[in-house]
Amino acid sequence: MLEAAALRLSAGGRELVCDLDLSLAPGQCWALLGRNGAGKTSLIHALAGLREPQSGAVALDGVALRGIARRDLARRVAVLLQDEESDFWGSVLDYVVLGRYPRSRSAWGRDEEGLESARRLLAELDLGERAAQSYRTLSGGERQRARLAQVLLQDTDILLLDEPLQHLDLRHQAQAMRLLAGRASAGRAVLAALHEPGHAARHCGFAVLLYDAGRASLGRSSDMLTQANLEALYQCRLEPAGAQSFLPS
Amino acid sequence: MKAAPAVVLLLVPASLVVAVAFGSVDLGAARLGDALLFRGDEIAREIVWGVRAPRALAGFACGGLLALAGALLQLLLRNPLADPAILGVSGGAAAGALGAMLLGAAAAAVNLAALAGAALAAGAVFAFSLGRSGWNPYRVLLTGVALASGFGALVGLILSLAPSSQVQGMLFWLLGDLSPAGDPTAALVVLAACAALAFSQSAALDVLVLGEDKARSLGVAVTRLQGVAFGCATVATVAAVLLGGMIGFVGLVVPHLLRLSGVHRHALLLPLAACLGGSVLALADTLARSVAAPAELPVGVFTAMIGVPVLLLLLARLR
């Protein structure tokens with residue numbers, strides 16, 4: 001279980017998260033919602049041990065993250081970052097197989113098991129035919145699916161995903177959400193920063209709403225994703241979309 | 001291109017044989033063959049094994065060190081135009097060496113002064129670039145470029161103050177010159193050690209291509225890895241500069257040639273860069289020794305003559 005206790009995060013003189021207590025338990029799928037700049041990325045980075053909180057602590061099964069070796073942590077927690085500097089020269093398969101790094105033993109030997117799992121994941125994400133293609137030639141949405149495959153290949157108990165649906169078309173948004181919810185059903189803990197409350201309501205049992213000035217509320221999605229809460233969260237009026245709006249199933 | 005590793009590995013013995021076969025004295029095929037087999041007349045054997053073989057190996061070691069440093073720095077600095085000179089280490093060594101020459105120092109003292117200049121530059125780059133949150137590649141780049149400019153100005157000052165009798169020796173140092181390289185054993189040992197150390201980190205370097213945060217999230221100890229790789233690149237650069245002066249383009253072009261040939265995993269890229277860089281410089285030095293024989297030309301002229309068109313061709317292909 002990944003737990004944040006009394007977590008406080010700030011950036012550029014702004015409070016992003018104030019005294020947040022959050023527990024990601026096995027089998028739970030969490031949506032993280034908030035306006036641009038609310039602190040979703042900072043929270044994910046803090047939960048992943050990629051940034052130090054101003055105060056409070058994050059612990060994995062009761063052990064503070066800073067006390068866990070990077071490689072051991074990477075075997076338990078996988079992170080999909082929102083931005084990735086990538087000048088990757090290899091194939092799509094080579095790119096995805098890097099997700100096996102925390103479990104690989106040698107720089108030289110071929111990891112047949114990893115390659116097989118990577119091919120399976122690429123096929124699941126409709127990239128099976130792109131496996132041998134250069135990663136640099138993929139479109140934005142295809143790259144995003146390859147990045148998802150890399151994170152899933154890490155095969156961790158906890159998945160933290162910063163905007164996993166960015167660049168994806170409707171079909172692949174649904175596919176990605178089904179994959180993530182499937183991981184949660186299989187006993188993993190999932191937290192995904194999303195911009196579409198419909199996906200959160202359909203696939204995530206729990207939601208964290210990050211308001212401005214560090215205020216957050218969290219609980220079951222059915223209780224959190226109400227019109228009033230979402231209007232307060234996004235600071236705009238919302239209307240039922242009616243028959244003209246579709247959400248991929 | 002899957003053939004790239006085999007081509008590079010074949011090029012190593014081929015370039016060394018060419019480097020031993022050609023020079024200011026034409027030995028002829030029969031004398032050369034005999035000398036290579038330790039037979040025949042003593043003069044030919046001395047030319048082959050006493051003069052050309054050490055020189056060829058020195059060129060190979062120097063080129064290998066430069067290409068290895070270039071491959072590491074292009075990744076660490078996230079800059080495809082990074083080469084060993086970018087750390088300012090070469091400039092520091094040049095300023096030290098030329099300063100010692102100006103004072104009329106002996107060859108050993110010139111080397112010591114070059115080492116001191118390189119150490120000063122490396123120390124300054126690292127001191128300005130390693131913060132509490134680890135290495136900052138942009139600070140490394142900026143500090144290195146600033147130091148290189150400063151040392152460049154100092155070198156210009158020394159050249160303008162030096163008597164004309166010293167200027168030619170200084171220009172040879174600046175353009176790269178393997179004639180005073182001597183015994184290549186130490187340089188080959190440094191090359192083997194740097195290549196082995198870099199190779200041991202190759203899987204982590206593959207992950208570092210994805211960026212520092214992603215590498216951390218995949219379990220790489222990024223600050224330690226950057227420290228090892230920067231240290232390795234610096235030692236390789238210093239060793240190369242002490243051996244052959246400032247030789248350009250090998251460190252810049254060779255890693256790109258390999259990447260464009262489909263070699264991107266560092267477990268292959270780093271050793272192949274060392275091999276290809278070594279072969280290219282051994283061949284360029286053979287040209288430098290042979291084209292205007294018995295006079296020798298600066299090897300840096302030939303690496304640039306090979307490197308500039310190759311780089312332009314690569315850039316055209318990348319468009």
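This is a predicted model: local features need pLDDT of at least 70, side-chain atom pairs count only at pLDDT 80 or more; totals for chains, interfaces and linings use all residues.
Trainee: How far does helix H7 of chain B reach from its first C-alpha to its last?
Mentor: Helix H7 of chain B covers residues 164-175, which makes twelve residues. At 1.5 Å a residue the expected value is 16 Å. The span in the model is close to that, at 17 Å.

Trainee: Which residue just after H7 of chain B takes a positive phi?
Mentor: The helix itself ends at residue 175. Just after it, with a positive phi of about 95 degrees, comes B:Gly176.

Trainee: In which sense do strands E1 and E2 of chain A pair, and which residue is the bridge partner of A:Leu2?
Mentor: Strand E1 (residues 2-11) and strand E2 (residues 14-24) of chain A are joined by seven bridges, and their pairing is antiparallel. Two residues lie between the strands in this hairpin, where A:Gly12 takes a positive phi near 55 degrees. In E2 of chain A, the bridge partner of A:Leu2 is A:Leu24.

Trainee: How many residues of chain B are in contact with chain A, and how do they divide by class?
Mentor: On the chain A side 21 residues take part, and they are in contact with 20 residues of chain B. Helices H9 (202-208) and H10 (212-217) of chain B each supply at least two residues of the side that touches chain A. By class, that side of chain B has eight nonpolar, five polar and seven charged residues.

Methods:
Residues are numbered from 1 along each chain as its sequence is written. Chains are lettered from A and ligands numbered from 1 in the order in which they are written. Two strands pair if DSSP finds at least two bridges between them. Helices (H or I, at least four residues) and strands (E, at least two) are DSSP runs, numbered from the N terminus. The expected span of a helix is 1.5 Å times one less than its number of residues. Two residues are in contact if their C-beta atoms, placed from the backbone, lie within 7 Å. Ala, Val, Leu, Ile, Met, Phe, Trp, Tyr, Cys and Pro count as nonpolar, Asp, Glu, Lys and Arg as charged, and the others, Gly among them, as polar.
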